[in-house]
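I opened the file and kept short notes. They follow the order in which I looked things up.

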Amino acid sequence: MLTARWDKKLAPLGRSLTVGNRFIGIRVFKTIVMFPEYINQLFYLVGEVVVLLVVLILIMSIIVSMLVLYSFKTGNFFAARYMLLGIVLLENVITALFWISRADDSIIDDVGVRLRNYINNKEYLKVPYSMRFIFMPQCVRSTQCPAKLTPEGIKCVNCGLCGVGEAKKYAESLGYRFFIVPGSSFIKRIIKKYQPRAIVGVGCHMEIKEGLDLCHRYGIPARGVQLLKAGCVATTLDWEQFYENITEKEPSIKNT
Ligand code: SF4
């Protein structure tokens, strides 16, 4: 037999009236608000859809988290574009899963950057050196750097106090344009002014992620090289990895 009961589920709005498992209406102060049958069904439907969505998001996040760990360990990517979409859309849930399982959540950013590089790789390699730009963060410089700030970025004088001078000289000998970035809006301004065909950007996870997204919006294939030690001053870079990245190109592509 079905029995009517009041419960506090909707407090502080009011108490809900249910018969068996069916939601009939709510009592707000002394007034009982009865809902028509179709509204009751709508409430149940919305509830079921929300629960399904939460379960779906959780399952998807677990799958993407496992793919991120797999890629981090093996260096291989499975369904790269879908995986990147998953990371972008579910980043907060995936980060929470990493946090709960006490895994290092910087792995997500690391794999995100490598995935973007992997997806851009084919188009990037087609661009000759002379149409590529390099953006180097100013924090890689020596703390005693004598370089001056100009409208074209910080102008390195190759004083030998850090690796930037040699890198600039070598990159320019290949045909690259090399910029030391003084601030966040600089890259956008240079892209608009000179319209490079490909970009190599050095930075921390966050800078690279933002830079690669910016290049994606401008349709420019870009490659991110991550700093070994991030921070605002005296950061470090794996220079060997940097040189490998800038010298790569398709053998059939001429240099001009
Ligand atoms: S090599 Fe260039 S960037 Fe490095 S400290 Fe000297 S002037 Fe500054």
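**Model.** I note that this is a predicted model, where local features need pLDDT of at least 70, side-chain atom pairs count only at pLDDT 80 or more, and totals for chains, interfaces and linings use all residues. I number residues from 1 along each chain as its sequence is written.

**Sheet.** I took helices (H or I, at least four residues) and strands (E, at least two) as DSSP runs, numbered from the N terminus. Two strands pair if DSSP finds at least two bridges between them. I found an open sheet of five strands with mixed pairing, in the order E8-E5-E9-E10-E11. Strands E8 (177-181) and E11 (236-237) stand at the edges with a single partner strand each, so one side of each has no neighbour in the sheet. I then looked at E5 (residues 132-137) and E9 (residues 198-203), which pair in the parallel sense over four bridges. Ile134 stands opposite Val200 in E9.

Next I checked what packs on the sheet. I counted a contact when C-beta atoms, placed from the backbone, lie within 7 Å. Axes are lines fitted to C-alpha atoms, for helices over the stretch in contact, and angles run from 0 to 180 degrees between N-to-C directions. Helix H4 (residues 164-174) touches E5 and E8, and its direction makes about 150° with that of E8. Helix H6 (residues 205-218) touches E5, E9 and strand E10 (222-229), at about 175° to the direction of E10.

**Helix pair.** The axes of H1 (residues 37-74) and H2 (residues 80-100) come within 8 Å and cross at roughly 100°. That makes H1 roughly perpendicular (65 to 115 degrees) to H2. The residues of this contact are 13 nonpolar, three polar and no charged. I used Ala, Val, Leu, Ile, Met, Phe, Trp, Tyr, Cys and Pro as nonpolar, Asp, Glu, Lys and Arg as charged, and the others, Gly among them, as polar.

**Backbone.** Ala79, in the loop between H1 and H2, has phi near 50°, a positive value in a residue other than glycine. Asn158, in the loop between strand E7 (153-155) and H4, also has a positive phi of about 50°.

Conventions
Contact = placed C-beta atoms within 7 Å. Parallel < 35°, antiparallel > 145°, perpendicular 65-115°, else oblique.
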